[in-house]
Amino acid sequence: MAKKQNKGKSTVSASVGQAQRVGIFGASGCGKTTKARSLIKPLKRVIFFEPLADDLRRLQSDDGFKPVIGLNNLLKEVRERFTTGFKLGYYPTAGAEDKELSDLAGRLMAIQSGYGFSHNAQMTLVIDELDLSFPTGISQRDPKNGFKNLCCRGRHAGINVIGLSQRMHLIDNVFRANCSAMYIFRHSEPADIDVGVKILGRENREKLRALKNFEYFYKQDEKIFLKA
Ligand SMILES: Nc1ncnc2c1ncn2[C@@H]1O[C@H](COP(=O)(O)OP(=O)(O)OP(=O)(O)O)[C@@H](O)[C@H]1O
Ligand SMILES: [Mg+2]
């Protein structure tokens, strides 16, 4: 049973059964990372895929994340601390973000293969700068991409996904098409505003263009709320 949703409230912590896919999109400094950090605060098992060293340090000092380098090290931590829980900040290899996200997603799906729709067995993968690791066209160039599979089938494995990006239009459609909820903050690039308008409807174009930092549209189940 899923909790009734309030305005602007994510389903990540409230969900039982199928896990959620959440997109957080907006220009630099609009509040994406802060929103993601607030969503994951109550969660027991979180991996934060963070290509930015400064943000990783902030996750470590402010939110108690353990920084990890190397996929094998990360998966070892996940397995060893599954019962007690974990907050792991993964720093991907520069230039190999797409391959590492694909591998990580595939291996998390394998770890979660015994997931029986139990709320207690869920985990959450947060990906900052998702356009680096899941860029437009990757799902066609690489049909076996592990993150593509996670987007399409991970719900049944109890893996929540939260993807962040400054550039909505540079992320492969497979992610957005599978989002159960989206936070759309201020955008400055016309190509991103166009994608935002496709998601929110033409009637919201001017409001989208007028958003200030920390204001956003929240869309879930075809319902749209403006948090301003
Ligand atoms: N709702 C808010 N009210 C006031 N300050 C906020 C709010 N959200 C974020 N901030 C502050 O604004 C700054 C930018 O926020 P944040 O790092 O979350 O943005 P971002 O969208 O992730 O930026 P970037 O794209 O550069 O990563 C931070 O100093 C943060 O503390
Ligand atoms: Mg950020």
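This is a predicted model: local features need pLDDT of at least 70, side-chain atom pairs count only at pLDDT 80 or more; totals for chains, interfaces and linings use all residues.
Visitor: Which class does Phe214 fall into by the C-beta count?

Guide: Phe214 has 15 C-beta neighbours inside 10 Å and therefore counts as partly exposed. Phe214 also has a positive phi, about 75°, without being a glycine. Its place is the loop between helix H10 (205–209) and strand S8 (216–220). Phe214 is also one of the residues around ligand 1, where the others include Lys32, Thr33 and Gln166. That shell divides into two nonpolar, seven polar and one charged residues.

Visitor: How do I read the packing of helix H4 (residues 97–111) and helix H7 (residues 146–153)?

Guide: Two packed helices are described by the angle and the distance between their axes. Here the axes of H4 and H7 come within 6 Å and cross at roughly 45°, so the two helices are oblique to each other. On the H4 side, the contact includes Leu101, Ala105 and Met109, which meet residues of H7 including Phe147 and Leu150. The contact residues divide into five nonpolar, four polar and one charged.

Visitor: Which residues of H4 are buried?

Guide: They are Glu97, Glu100, Leu101, Ser102, Leu104, Ala105 and Leu108. Their cover includes H7, helix H3 (71–80) and strand S5 (123–127).

Key
Residues are numbered from 1 along each chain as its sequence is written. Chains are lettered from A and ligands numbered from 1 in the order in which they are written. A residue is near a molecule or strand if its C-beta atom, placed from the backbone, lies within 6 Å of it. Ala, Val, Leu, Ile, Met, Phe, Trp, Tyr, Cys and Pro count as nonpolar, Asp, Glu, Lys and Arg as charged, and the others, Gly among them, as polar. Axes are lines fitted to C-alpha atoms, for helices over the stretch in contact, and angles run from 0 to 180 degrees between N-to-C directions. Helices (H or I, at least four residues) and strands (E, at least two) are DSSP runs, numbered from the N terminus. Angles under 35 degrees count as roughly parallel, over 145 as roughly antiparallel, 65 to 115 as roughly perpendicular and the rest as oblique. Two residues are in contact if their C-beta atoms, placed from the backbone, lie within 7 Å. A residue is buried if 20 or more other C-beta atoms lie within 10 Å of its own, exposed if 12 or fewer, and partly exposed in between; C-beta atoms are placed from the backbone.
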